[in-house]
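Colleague: I am new to this structure and would like to learn how to read it. Could you walk me through it, feature by feature?

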Amino acid sequence: MSTTQHRIAAAPPARTPFGTLPDGTGVDRWTLARGGLRLAVLSLGGIVQSLEVPDRDGRAANVSLGFDHLAPYAAEGASPYLGALIGRYGNRIDGGRFTLDGQAYTLPVNSGGHSLHGGTTGFDRRLWDVTPFDGPEGTGLTLRRTSPAGEEGYPGTLTVRVDYTLTDGAAFRIDYTAETDAPTLVNLTSHIYWNLAGEGSGTIEDHVLRLAAARYTPVGPTLIPTGELAPVTGTPFDFTAPAGKPLGRELRAGHEQLRYAQGYDHNLVLDAGVTADPAYAATLTDPRSGRGMELATTEPGVQLYTANFLDGSLTGSSGRAYRQGDAVCLETQHFPDSPNRPAFPSTVLRPGETYRSSTVHTFTAG
């Protein structure tokens, strides 16, 4: 883990080449800084390559898992969505099938017989058009792409815009909008792997998590929700105490749900539900560094994932191997398999409507 002891000075977005894809297409890396944070984003997949945050002593470290060169991101199947934008549908769709307005659709299956995170070539593997901005409200990047009708089996041409913004209040904000020309599904999210002690520093089991979620969606053996909204009381999924709970406290409790997922890989049902403006969802803190992150979102759920499938085969920008439990993801979202669960909040977008979603990460050090 690398750290720097100087304060991160504000800097407008700057673009540098990051590498070339096998087909000869260039990938850019954008860097920007504001509010004591420094962000690096790739035009490939809208990937958050790094996010530097100061600790209680003012020492900055990258708290997002990532690579220092392009090849691991571009290699087929090699990168488990590290830092990427996810679409058209974040999380799993049972069997890669759904029915919309009486029409059956089939999607590529890429995880245990299901469609995961948009399919085999989701938004995480697409190039985005990037435009910088710098103004009173924040410094950031606008990412755009048009997903053509039929891409990965989804109906409708989907026009997507994502804004990444750093604010003076040490916040990293993500705003998503999308429009379609035919009924379709949309469930966008960001797959940042957080380690507030610093990328490559080891386990996050001592990170303390508080979640404003009194219910969760249990899954079956292949990680598809059963349809139940179960109370977290008396289960390892209860992070509702005001002081939070260390992520590792019940990670090996032997609970059936944890065995299915080899750890936490579950959707927590946020108490606030769908909101017009970002509402409090979670607080994550690292006792060692003093770094904290408060999460607010307009989404009704958050996928808690403890990086269960990192196996040591990937080496991060620190030069250290990534292993199971070396990060935690808090993917704000609508629920998994919602197209096949009418009781879940709808993920259908129709012509004339605008999909909107916002998530704010506010950092502290104490």
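Predicted model: local features only at pLDDT ≥ 70, side-chain atom pairs only at ≥ 80, totals over all residues.

Colleague: Thanks. Which strand gives the largest share of the lining of the second largest pocket?

Modeller: That is S30, with 4 residues. Strand S14 (158–166), strand S15 (171–180), strand S29 (348–349) and strand S30 (355–365) each supply at least two lining residues. The general idea behind finding such places is that rolling a probe the size of a water molecule over the atoms shows where empty space is left.

Colleague: What volume does the second largest pocket have, and which residues are closest to its centre?

Modeller: Its volume is about 310 Å³. Of the 22 residues that line the second largest pocket, Tyr176, Thr354, Tyr355, Arg356 and Ser357 are the closest to its centre. The lining divides into 7 nonpolar, 9 polar and 6 charged residues.

Colleague: And what can be said of the largest pocket?

Modeller: The largest pocket has a volume of about 630 Å³. Its lining counts 30 residues, and Pro80, Tyr81, Asn110, Ser111 and Leu116 lie nearest the centre. By kind, that lining splits into 10 nonpolar, 14 polar and 6 charged residues.

Colleague: Now the sheets, please. In what order do the strands of the sheet with 9 strands come?

Modeller: First the general idea: strands of a sheet pair through backbone hydrogen bonds, either parallel or antiparallel. Here, 9 strands make an open sheet in the order S12-S13-S14-S15-S30-S24-S23-S18-S21, with antiparallel pairing. Strand S12 (129–135) and strand S21 (245–246) are the edge strands, each pairing on one side only. For a look inside this sheet, take strand S23 (residues 279–285) and strand S24 (residues 291–297), which pair in the antiparallel sense over 6 bridges. Threonine 285 faces glycine 292 in S24 as its opposite residue.

Colleague: Why is one side of S20 and of S28 left without a neighbour in their sheet?

Modeller: That sheet has 5 strands, is open, and runs S20-S19-S22-S25-S28 with antiparallel pairing. Strand S20 (230–231) and strand S28 (329–333) stand at its edges with a single partner strand each, so one side of each has no neighbour in the sheet. Within the sheet, strand S19 (residues 215–217) and strand S22 (residues 265–269) are joined by 3 bridges, and arginine 215 stands opposite valine 269 in S22.

Colleague: Is S5 largely enclosed or largely open?

Modeller: Strand S5 is largely enclosed by the rest of the structure, because 6 of its 7 residues are buried. On one hand, 4 bridges join it to strand S4 (residues 37–42) in antiparallel fashion, with valine 41 opposite valine 48 in S5. The hairpin of S4 and S5 has 5 residues between the strands, and glycine 45 there takes a positive phi near 70°. On the other hand, S5 and S6 are antiparallel and share 3 bridges, with valine 53 opposite alanine 61 in S6. Their hairpin also has 5 residues between the strands, and glycine 58 in the turn has a positive phi of about 85°.

Colleague: Where is aspartate 55, and which residues does it touch?

Modeller: Aspartate 55 sits in the loop between strand S5 (48–54) and strand S6 (60–62). Not counting residues up to four places away in sequence, it touches Ser289, Arg291 and Ala365. With a relative accessible area of 8%, aspartate 55 is buried.

Colleague: What should I look for in the backbone angles?

Modeller: Most residues other than glycine have a negative phi, and most peptide bonds are trans. Histidine 117, though not a glycine, has a positive phi of about 55°; its place is the loop between strand S11 (115–116) and S12. Histidine 117 counts as buried, because its relative accessibility is 4%. The peptide bond from glycine 87 to arginine 88 is cis, with omega near 5°.

Colleague: Which residues touch the most other members of the largest nonpolar core?

Modeller: In soluble globular proteins, nonpolar side chains tend to be buried together. In this core of 56 residues, Tyr164, Phe172 and Leu304 touch the most other members. The strand giving the most to this core is S14, with 5 residues. Another core, of 20 residues, lies apart from it and includes Phe18, Leu21, Tyr305 and Tyr322.

Terms used
Residues numbered from 1 in each chain as written. Heavy atoms only, no water. Pairing = 2+ DSSP bridges. Buried < 20%, exposed > 50% of the residue type's maximum accessible area, 1.4 Å probe, protein only. Contact = heavy atoms within 4.5 Å. 1 Å grid on protein atoms, 1.4 Å probe; cavity = no way out; pocket = protein on both sides within 12 Å on 5 of 7 lines; lining within 4 Å. Points joined across faces, edges and corners; volume = space filled by probe spheres on them. Nonpolar A, V, L, I, M, F, W, Y, C, P; charged D, E, K, R; others polar. Core = buried A, V, L, I, M, F, W, Y, C linked by side-chain atoms within 4.5 Å.
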